[in-house]
Amino acid sequence: MGKDVIIACDFADKKSCLDFLDQFTEKKPFVKIGMELFYAEGPAIVKEIKNRGHKIFLDLKLHDIPNTVESAMAVLSGLQVDMCNVHAAGTQSMMEAAIRGLTRTDGTRPLLVAVTQLTSTSEERMQKDLLIDKSLEEVVSHYAFTSKNAGLDGVVCSPLEVEGVKKTCGTEFLTVTPGVRFSDGNMDDQVRVTTPQMANQMGSDYIVVGRPITKAENPVAAYTRCMNEFVGEI
Ligand code: C5P
């Protein structure tokens, strides 16, 4: 499986998103659709973007009882997305149910990755609010381990956590990493950032990049730069 750059299409509505994607006339990038756009536009936006030839990571971070997650995943799998996700905190049995729901009658399914701890959660908040009395690093690696046991393909994590995850779960276990910025770019609200090149060196399989591309003066040039720095080609 090749490395790829996933553009976070954090747009409020269909028009802004499609106007943005219209600029990509040659290579159709892998895109991430999150809660904002999905809740605003519904499954139709997924079908529309898919029909334009893009791969889609549907980032809805499911977390519920196993039965509900299984049924919801069956619906998402029917949208022909390429990747979707759950919270590992839903436990291994919830993740196993997610895999069952995602698996189509012909045995195929989208990739499934788990959110370990959100990068917005600090170790202090995890310990005080969630009463998890361990280090963040241990929790992320352990959640990656339960995800792997449930049959998932990988996790969403910080590039800084990739090494620990790969050590626990093996190099084939995928890491999808946000928090990427160009060395000469704006940090926005991200705190712990790496460049595309550093994310590659740290072993990330997919980087998720939003504003450095969506808010760039020339988004296609920014995407091409990102691909060049991360995978060395386009
Ligand atoms: O614009 P930016 O590059 O910061 O976008 C990063 C994307 O990755 C956003 O869609 C954000 O919600 C998502 N994300 C993140 N950190 C996480 C999980 C997801 O930034 N831990």
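Colleague: Which strands does helix α8 (residues 162–169) lie across?

Modeller: Helices (H or I, at least four residues) and strands (E, at least two) are DSSP runs, numbered from the N terminus. This is a predicted model, in which local features need pLDDT of at least 70 and side-chain atom pairs count only at pLDDT 80 or more, while totals for chains, interfaces and linings use all residues. Residues are numbered from 1 along each chain as its sequence is written, and side-chain values use heavy atoms, without hydrogens and water. Here, α8 lies across β6 (154–156) and β7 (174–177) and runs at about 165° to β7; such angles go from 0 to 180 degrees between N-to-C directions, with axes fitted to C-alpha atoms. Helix α4 (residues 66–78) lies across β3, β4 and β5, at about 165° to β3.

Colleague: In what order do the strands close into a barrel?

Modeller: Strands pair if DSSP finds at least two bridges between them. Here 8 parallel strands close in the order β1-β2-β3-β4-β5-β6-β7-β8. Neighbouring strands are turned by 25° on average, direction ignored. For instance, 3 bridges join β1 to β2, and I7 stands opposite V31 in β2.

Colleague: How much space lies in the largest pocket?

Modeller: A pocket is an open set of points on a 1 Å grid where a 1.4 Å probe fits, with protein on both sides within 12 Å along at least five of seven lines; lining residues have an atom within 4 Å of a point. Here the largest pocket holds about 1000 Å³. It is lined by 36 residues, and T119, P178, G179, Q190 and R211 are the closest to its centre. Strand β3 gives the most to this lining, with 3 residues.

Key
Grid points are joined across faces, edges and corners, and a volume is the space filled by probe spheres set on the points. Contact means heavy atoms within 4.5 Å.
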